[in-house]
Amino acid sequence: MRRAVVTGIGAVTPVGLTGHETWQNLVAGVSGIRRIESFDPSDLPVQIAGEVRGFEPGRYMDTKAARRMSRFAQFAVAAAVQAAEDAGLVLSDAERHRAAAAIATGAGGVLETIKETDVLREKGPERISAFFIPMMAPNMAACQVAMRLGLRGPALASVAACASGLYSFIEAKQLIASGVADVVFAGGTEAAIHPLPIAALANMRALSRRNEEPERASRPFDRDRDGFVFSEGAVVLLVESEERARERGARVYAELAGGGLSCDAYHITAPLEDGSGAAEAMVTALRDAGLAADEVDYIAAHGTGTPLNDAAETAAIKSAFGEHAYRLSISAPKSMAGHLLGAAGALGALAAAMACYEDVVPPTINLEHPAPECDLDYTPQRARRRTVRAAAANGFGFGGQNACVIFRKYAP
Amino acid sequence: MPSLFERVRDVIVAQLKVKPEEVTPEAHLIDDLRADSLDIVDLTIALEEAFAEDAEFQISEEDAENIRTVQDIIDFLKAQGVPD
């Protein structure tokens with residue numbers, strides 16, 4: 001079977017405007033959570049978020065192209081261009097039909113829907129932008145990446161709520177293993193910071209209300225956690241066939257070893273309490289990767305900081321990894337970056353792949369008093385050096401969708 | 001007070017993301033300023049909004065079809081009563 005490897009990273013997140021800056025700040029335990037600046041949040045119960053600050057789309061695309069993209073697509077294009085540059089990728093025209101984009105999202109261009117709904121109500125139908133549909137549609141991040149980089153193979157856009165970003169890596173591995181593609185830009189993107197979704201998630205009691213201490217609000221696995229922090233951003237990794245990467249002498253960060261998917265088939269928002277749906281995805285991923293449970297040294301957890309998730313995920317890890325669950329390192333990238341929703345799984349994938357490359361596990365910041373039901377090693381407060389032979393990334397979405405993707409240290 | 005041409009030019013620059021010096025009266029919106037059919041729709045909306053206080057008008061689809069150059073826009077606006 002054809003193997004798949006990661007040769008480039010790109011990201012635009014609350015903790016960095018590039019893939020490498022994002023990774024360094026995850027390892028350093030830098031929080032990207034602040035009081036909301038893009039609008040006045042004073043009348044909302046939740047006034048904090050992980051916003052991308054200082055993003056300049058003009059560095060990655062021309063201004064006319066940028067004007068035709070919603071923010072979620074701009075983020076994805078920027079991250080994909082970074083990944084291509086990081087990998088030193090040059091595509092010949094003959095290769096383009098074997099180059100693919102798999103860019104997932106949770107909500108697509110929901111910001112455009114909100115904006116144009118206001119135009120419709122206030123100014124009438126004749127003032128609706130002709131760009132509304134091609135900016136709003138959730139497939140547009142994948143298609144804009146394809147347009148920007150000239151990728152003429154499949155353009156895929158999975159929608160799986162907060163598990164979305166990991167679906168792309170399962171697609172990437174399948175595209176490469178099956179011989180359909182040699183190069184896949186895989187990742188996730190989200191840009192939905194607006195009072196509407198924040199009000200809705202606040203009313204669901206899903207979000208932290210620690211408005212006075214933004215940097216301490218995202219505290220997965222901690223006794224005093226009170227919900228996740230809404231964030232935005234994109235993460236795109238360049239996944240290449242091992243053969244192509246080897247032939248061109250590319251630097252390989254990690255092998256994309258396998259993945260597993262499942263659905264709880266249980267509840268629209270709550271996970272199965274025993275974590276059995278999530279465990280099923282992890283067990284399937286191990287089998288797909290051809291790894292024993294005790295060969296995995298790190299899990300980039302879904303770790304949202306909601307009471308339900310962290311308990312169920314802990315139970316799921318124990319169920320899937322048995323006694324080894326107590327020996328592996330776990331951490332929650334969301335403790336630094338907040339919850340990037342459709343990009344969250346891709347941020348976990350970046351953490352897992354880079355952990356294999358650098359033998360370092362990023363921390364779970366704000367983990368001061370582990371909750372009694374969370375009794376594994378979540379790498380509290382500080383990064384830890386350890387050999388990482390293989391690393392998993394978890395992502396679970398509303399609707400009960402579960403995904404787990406496993407990377408392993410690359411050996412030719 | 002900027003001239004009508006200057007005001008039209010500013011709307012075109014903002015909408016089509018072209019350089020101000022590219023916007024001449026003779027410039028063709030599609031051939032020279034690289035607009036596509038979607039750009040033209042949003043450009044007409046932007047013109048209606050930019051000149052709403054000068055005259056009461058709407059740019060119909062038929063009007064839009066006859067607008068090909070920057071000068072066509074200026075002539076259309078003058079015909080609606082927008083001062084030069």
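This is a predicted model: local features need pLDDT of at least 70, side-chain atom pairs count only at pLDDT 80 or more; totals for chains, interfaces and linings use all residues.

Modeller: Start with strand 1 and strand 7 of chain A, which run antiparallel and are joined by 8 bridges. Residues are numbered from 1 along each chain as its sequence is written, and chains are lettered from A and ligands numbered from 1 in the order in which they are written.

Colleague: What makes strand 1 and strand 8 of chain A a pair?

Modeller: Two strands pair if DSSP finds at least two bridges between them. Strand 1 and strand 8 of chain A have 3 bridges, in the antiparallel sense, so they pass. Val6(A) faces Ala254(A) of strand 8 there. Strands are themselves DSSP runs (E, at least two residues), and helices are runs of H or I of at least four, both numbered from the N terminus.

Colleague: What joins strand 8 to strand 14 of chain A?

Modeller: They share 8 bridges and run antiparallel. Leu256(A) stands opposite Phe407(A) of strand 14.

Colleague: Which strands are the edges of the sheet?

Modeller: The sheet is open, with 10 strands in the order 5-4-6-7-1-8-14-13-9-10 (chain A) and mixed pairing. Strand 5 (155-156) and strand 10 (329-331) of chain A are the edge strands, as each pairs on one side only.

Colleague: Why is Leu238(A) called buried?

Modeller: The cut-off is 20 or more other C-beta atoms within 10 Å of the residue's own; 12 or fewer is exposed, in between is partly exposed, and C-beta atoms are placed from the backbone. Leu238(A) has 30 other C-beta atoms within 10 Å, so it is buried. Leu238(A) sits in strand 7 of chain A. Leaving out residues up to four places away in sequence, Leu238(A) touches several residues, including Val6(A), Ala83(A), Leu89(A) and Phe185(A). Touching is contact: two C-beta atoms, placed from the backbone, within 7 Å.

Colleague: What makes strand 8 of chain A mostly covered?

Modeller: Of its 10 residues (254-263), 9 are buried.

Colleague: How do you know the length of helix 4 of chain A is close to what is expected?

Modeller: The expected span is 1.5 Å times one less than the number of residues. Helix 4 (110-123) has 14 residues, with 20 Å expected and 20 Å from its first C-alpha to its last. Val110(A), Leu111(A) and Glu112(A) are buried in helix 4. Its buried residues pack against helix 3 (71-87), helix 5 (132-136) and helix 8 (195-203) of chain A. Just after helix 4, Gly124(A) takes a positive phi of about 100 degrees.

Colleague: How is chain A divided into domains?

Modeller: Domain 1 is 4-247 and domain 2 is 258-408. Such bounds come from an automatic or database domain assignment. Their contact takes 62 residues from domain 1 and 57 residues from domain 2 of chain A. On the domain 1 side, helix 7 of chain A gives the largest share, 8 residues.

Colleague: How confident is the model in chain B?

Modeller: pLDDT is the predictor's confidence in each residue, from 0 to 100. Chain B averages 94, and 100% of its residues score at least 70. The model as a whole scores ipTM 0.84 and pTM 0.95.
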